[in-house]
Amino acid sequence: MHSLPSQAMRPLSLRPSLSSSRFPFFSFSNPIFHRFKTNPTIYKKSQKNPSFLTLRCCSSGSITAKPSSELRRNRAVQEPDEKVVALRQHFSRPGIGIDAYIIPSQDAHQSEFIAECYMRRAYISGFTGSAGTAVVTKDKAALWTDGRYFLQAEKQLSSSWILMRAGNLGVPTTSEWLNDILAPGGRVGIDPFLFSYDAAEELKEAISKKNLELVYLYDLNLVDEIWKESRPKPPNKPIRVHDLKYAGLDVVSKLSSLRAELAGTGSSAIVISMLDEVAWLLNLRGSDVPHSPVMYAYLIVEVDTAKLFVDNSKVTPEVMDHLKNAGVELRPYDSILSEIRRLAAEGAQLWLDTSSVNAAIVETYKSGCDKYLMNHGSRGKIKNKQYGESNGVSVGPSGVYMRSPISFAKALKNAAELEGMKNSHLRDAAALAQFWCWLEEEIHKNVKLTEVDVADKLLEFRSKQDGFLDTSFDTISGSGANGAIIHYKPETESCSVVDPNKLFLLDSGAQYVDGTTDITRTVHFGEPTSREKECFTRVLKGHIALDQAVFPENTPGFVLDAFARSALWKIGLDYRHGTGHGVGAALNVHEGPQSISYRYGNMTPLQKGMIVSNEPGYYEDHAFGIRIENLLHLQEINTPNRYGGTEYLGFEKLTFVPIQMKLVDLSLLSVEEIEWLNNYHSQVWEKVSPLLEGSAREWLWNNTQPIVKCGSWLITFSVGLDRMSKVQHTCWIWLLRSMLLLEVA
C-alpha cells in the first residue's frame, strides 16, 4: 500500500531530517552515530518534515490545478452543506470569536489511521481518504489532499467544497489561502491536540505575515460540538501482551536503554505520544485503531519511573502484571496535561519530539516552565534535587527538543522480529495463492463479482491462516478506472463489477500475531493492450531495479527513488507517490522514519534491519492503474570491495507471490531482468508450495514457470531448467537453435 507514513502526510521540506545521534539499542560503532550527531542545546526544534499544511512540492504530472467547483460547472447552483453551516454558527460564540477553523486528519497522537470517533475531517467534509486538511471560513470551505486522493476527493466532496490539489502548480497552501481570503486581524482556530507543535508553530508563523492570529481552542473541538450524540464512542477493547518470542527484547531492557539516552541528553523525562512507539516500547498491542494493533495511550518515562496514560478499562490482569513487572504505573488517559504541569513545576527537563507531540502538551509544558521561573527566580540552585542542581546559577527547565529515539530503534528489526515477518509473509503468500486461484476460476466461469466481493473473499482466505488478526489497511480492490485511484476503497453501494477485459489492481495486507504484510499485484483476466503491457513492464523494470540496488550504508532513501522511476521517465511517465515506506513488525503498516521517495527532505539513512516497501506504479486517470509491491529487508551485501571501509547494503525479499507474465512485454526486458523474474518465481515455488495443496498448488506451479526470450519468441518451461534431465536440456537447446534459425530466415 503506497503512503507517506503518518509523518508522511507531511510534505516536502528543504530542511534535513536528522536522526538522533545516540541509540543504545544498536552498536555504537556504526558511523551514523558519529556522522549525524545532534546537540540538544542547539537543535531546539525537531528536524522531521513539517506538517501537511505547508506542502509546496510540484507534481510531476501535467495536470493544471483547478478547484473542484470549476470541474463541476455543469452542476446546479451550490447547495449549502448543513454540517458546515452548523460549524460556522460556533465561530461567534463567546470565548471563541474566530474567522476560520482548520480540521486536520490526525488524532491527538498524529496517527495516520485513527479510531472512527476521531474522524472529524471525514465527518465534516465527506472525504474519507486517510490524508487531507479541511478549512472552513465564514463563507468558504476547502479541502487539501495529495495526488493519491485527487480522484477520490472529486467523487466524495459536495459542490460546496473547493478541492485543493496539494502539490500541483498554482495551488496555494492552507496558510497562503487563509492569508489571501481573510482580512488582517482575522483569527484562525485550531484544536491544539490535533496538531504537532511544529505544525502549529509553522502555521502560526505563516499566517502572522498577514497579521492573522492562531487561536488554540483547548477546551472543545467544534466538530465534536455539531457531531454530538451521533459521534461513535471511543474504543475500549482490551490490550494484550506482545509475546517476547515475537518482540525479541523485554520491556525492562528497552526502558533501561531509553533511560541511558535520557541521561546522555540531560533530560529527566521523555513524553512519548506516537501510538506505535508506546506499543513497541512496552511490548503491548491493542485494537483501538482499525488495521493497526495499537491502543490510545501516552507514556512518560522518567529516570526511575514510567507512567502509562490509558483507559484503565482496557487493562487486563495479564497486562497489569506485565506492566508492574516492568515498573510501569497506570494513570488516566485524560490526566496527561496535569502530569505535564506537575513535571514542569518540579523543574523537569522534558524530552519532547515536537514533530509528533501535540501542541497542547508542548504549550502546557512551556507555560509551566515560565511559572517555574517566576516562582524560583533566574538565580539560585534548583531546589528539587531529582532534576539536578547547578553551582549557584539556574535558569530552570526549558526542555530538550529532539526526535524521539524510539522511532529509529523500532525501525531496526531484531532477529525475532525479522523471523516473525518472514514467517507471516509465507502464510500470507499461501492465502494469496488460494485467493488468486479461486478468482481466476470464477472469472473464467463468467461469475459476476464486485470489487467488494473480491476483497471479502481475500479476507476469508487470510482469516484461515494461523495468527491472523486483521487486515493491515482497507483492501484496495480496483477494476479498470478505479485502479487509477491510488488509495481507492470500494463501497458496496457504489463499487464496480470486476471486468475481465480491464486491468485489476489489488493492494492488500494483513496483521498477524508475528508480523505485518503489504502486497500489491496487478493482473488482467483477458488480453491486455500493448499500452497496458508497456506500462506494466516499465513499472516492473523499476521494481526490479530497486530490488537489485546495492548502495553504501547511511544512504538516504530519496537517493534510490530514481531507480524505480527511470524506465517510466524514459517515455515521459511517472507516478504521484513515493516508492517505499517503512513497515512495522506486527505493528503499523506505515512506519517511519525511513522512506524511499522523491521527497528529498527526509535524510534518514537506510540501515540494515529496516523493512521498506518497493512499489512503483503508473496510473492513467479514468482508465487503469498499475502497481507492483513487495516488502524488502535491508541487509549487508558482501561486495568484493569496500571503498573507504564502508559497508554496502542491499535488499532481501519478504514477499513471495507470482507476478503475472501475461502483462510483461519481454522485448523491453534485458536478459538480467528475465533472470531476476525466473529466480524470483523459483523462490516463490520453493518457499510457498509446501504450504499448499490441490488446485492452489497447481496454480502456483503454473505461475512460477521459467521463461526464455528467444528473438520474438516467448517460451515458458513446464519443468524448471534446474529440474531438467540432461536429455531434456539438450532437446531444449536444439529447439532454441532451430527457432533462432527460423527467426533469421
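1. The model is predicted, so local features need pLDDT of at least 70 and side-chain atom pairs count only at pLDDT 80 or more, while totals for chains, interfaces and linings use all residues. Residues are numbered from 1 along each chain as its sequence is written, and side-chain values use heavy atoms, with hydrogens and water left out.

2. An open sheet is formed by 3 strands in the order 16-17-20, with antiparallel pairing. Strands (E, at least two residues) and helices (H or I, at least four) are DSSP runs numbered from the N terminus; pairing requires at least two DSSP bridges between two strands. Strand 16 (476–479) and strand 20 (519–524) are the edge strands, each pairing on one side only.

3. Strand 17 (residues 503–508) pairs with strand 20 over 6 bridges in the antiparallel sense. Leucine 503 stands opposite histidine 524 of strand 20.

4. Helix 16 (residues 415–444) lies across strand 17 and strand 20, at about 155° to strand 17. Angles run from 0 to 180 degrees between N-to-C directions, with axes fitted to C-alpha atoms, for helices over the stretch in contact; contact means heavy atoms within 4.5 Å.

5. Helix 18 (residues 530–547) packs against helix 19 (residues 558–569) at about 155°, with the axes 7 Å apart. Helix 18 is therefore roughly antiparallel to helix 19 (the term applies to angles over 145 degrees). Residues in the contact include Arg538 and Val539 of helix 18 and Leu560 and Phe563 of helix 19.

Terms used
Angles under 35 degrees count as roughly parallel, over 145 as roughly antiparallel, 65 to 115 as roughly perpendicular and the rest as oblique.
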